[in-house]
Amino acid sequence: MVWFWNHRPVTPTTAADAFMAQALDLAREALADGDVPVGAIVVDGSGNVIGTGRNTRERDADPTGHAEMVALRQAAAACGEWRLEDCTIYVTLEPCTMCAAAISFARIRRLYFGALDEKGGAVVSGVRFFAAPTCHHVPEVYSGLGETRSAELLRGFFRERRG
């Protein structure tokens with residue numbers, strides 16, 4: 001587990017585990033479509049799932065088709081506004097810079113993610129977007145929830161790709 005100024009240790013709960021399990025199911029759907037297996041779930045303050053997403057870059061030929069972006073768009077549409085202030089996002093992989101920015105812009109309260117992305121991640125790896133002085137909103141960040149299962153899916157995908 002990696003630490004930085006806004007990072008907190010994960011204290012798994014039944015609800016958090018269940019939401020990450022749903023995100024992992026979405027990651028498996030992305031894998032079945034030939035895309036990088038990443039899934040995301042947005043949950044409102046009452047514990048209702050209001051957005052789901054999986055990587056769709058290959059399927060939709062869309063560079064913004066990241067699981068987080070898809071889930072955030074769906075959640076905003078469900079709420080009828082872009083501010084998702086009392087919401088939590090669960091994602092199987094550490095968000096990239098684009099997704100970290102979208103999470104900040106949406107005013108997400110909490111971010112839980114599974115596997116670290118040392119190459120493309122931007123939360124505790126790479127640019128550490130939320131630590132930048134230009135970042136206007138910083139969510140609570142928790143890593144390591146479902147980390148082993150998330151990392152296994154990703155390793156299998158890239159191992160098969162490299163043949």
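Buried means under 20% relative accessible area, exposed means over 50%, and partly exposed lies in between (1.4 Å probe, protein chains only). The exercises below use a predicted model, in which local features need pLDDT of at least 70, side-chain atom pairs count only at pLDDT 80 or more, and totals for chains, interfaces and linings use all residues. Residues are numbered from 1 along each chain as its sequence is written, and side-chain values use heavy atoms, with hydrogens and water left out.

**Exercise 1. Find the place of His 66, decide whether His 66 is buried or exposed, and list what it touches.**

Step 1: Helices (H or I, at least four residues) and strands (E, at least two) are DSSP runs, numbered from the N terminus. His 66 sits in the loop between α2 (57-60) and α3.

Step 2: The relative accessible area of His 66 is 16%, so His 66 is buried.

Step 3: Contact means heavy atoms within 4.5 Å. Not counting residues up to four places away in sequence, His 66 touches Arg 54, Asn 55, Arg 57, Cys 96, Met 98 and Cys 99.

**Exercise 2. Describe how helix α3 and helix α4 pack.**

Step 1: Two packed helices are described by the angle between their axes and the distance between the axes. Here the axes are lines fitted to C-alpha atoms, for helices over the stretch in contact, and angles run from 0 to 180 degrees between N-to-C directions.

Step 2: For α3 (residues 67-79) and α4 (residues 97-105), the angle is about 25° and the axes are 9 Å apart. The two helices are therefore roughly parallel to each other; that class takes angles under 35 degrees, while over 145 is roughly antiparallel, 65 to 115 roughly perpendicular and the rest oblique.

Step 3: On the α3 side the contact is made by Glu 68, Met 69 and Leu 72, and on the α4 side by Met 98, Cys 99, Ala 102 and Ile 103. These residues divide into six nonpolar, no polar and one charged, where Ala, Val, Leu, Ile, Met, Phe, Trp, Tyr, Cys and Pro count as nonpolar, Asp, Glu, Lys and Arg as charged, and the others, Gly among them, as polar.

Step 4: Now look at the buried residues of α4, which are Cys 99, Ala 100, Ala 101, Ala 102, Ile 103 and Ser 104. The buried residues of α4 pack against α3, β4 (88-93) and β5.

**Exercise 3. Classify the aromatic pairs Tyr 112 with Tyr 142 and Phe 157 with Phe 158.**

Step 1: Rings of Phe, Tyr and Trp (its six-membered ring) pair if their centres lie within 6.5 Å; planes under 30 degrees apart count as stacked, over 60 as edge-to-face and the rest as tilted. The count comes to five aromatic pairs.

Step 2: Tyr 112 and Tyr 142 are stacked, at 4.6 Å centre to centre with 15° between the planes. This pair links distant parts of the chain, with Tyr 112 in strand β5 (residues 110-115) and Tyr 142 in strand β6 (residues 140-143), 30 residues apart.

Step 3: The ring centres of Phe 157 and Phe 158 are 4.9 Å apart and the planes stand at 80°, so this pair is edge-to-face. Phe 157 is buried at 7%, whereas Phe 158 is partly exposed at 30%.

Step 4: Back with the tyrosines, Tyr 112 is buried at 12% relative accessibility. Phe 19, Tyr 90, Tyr 112 and Tyr 142 form one aromatic cluster.
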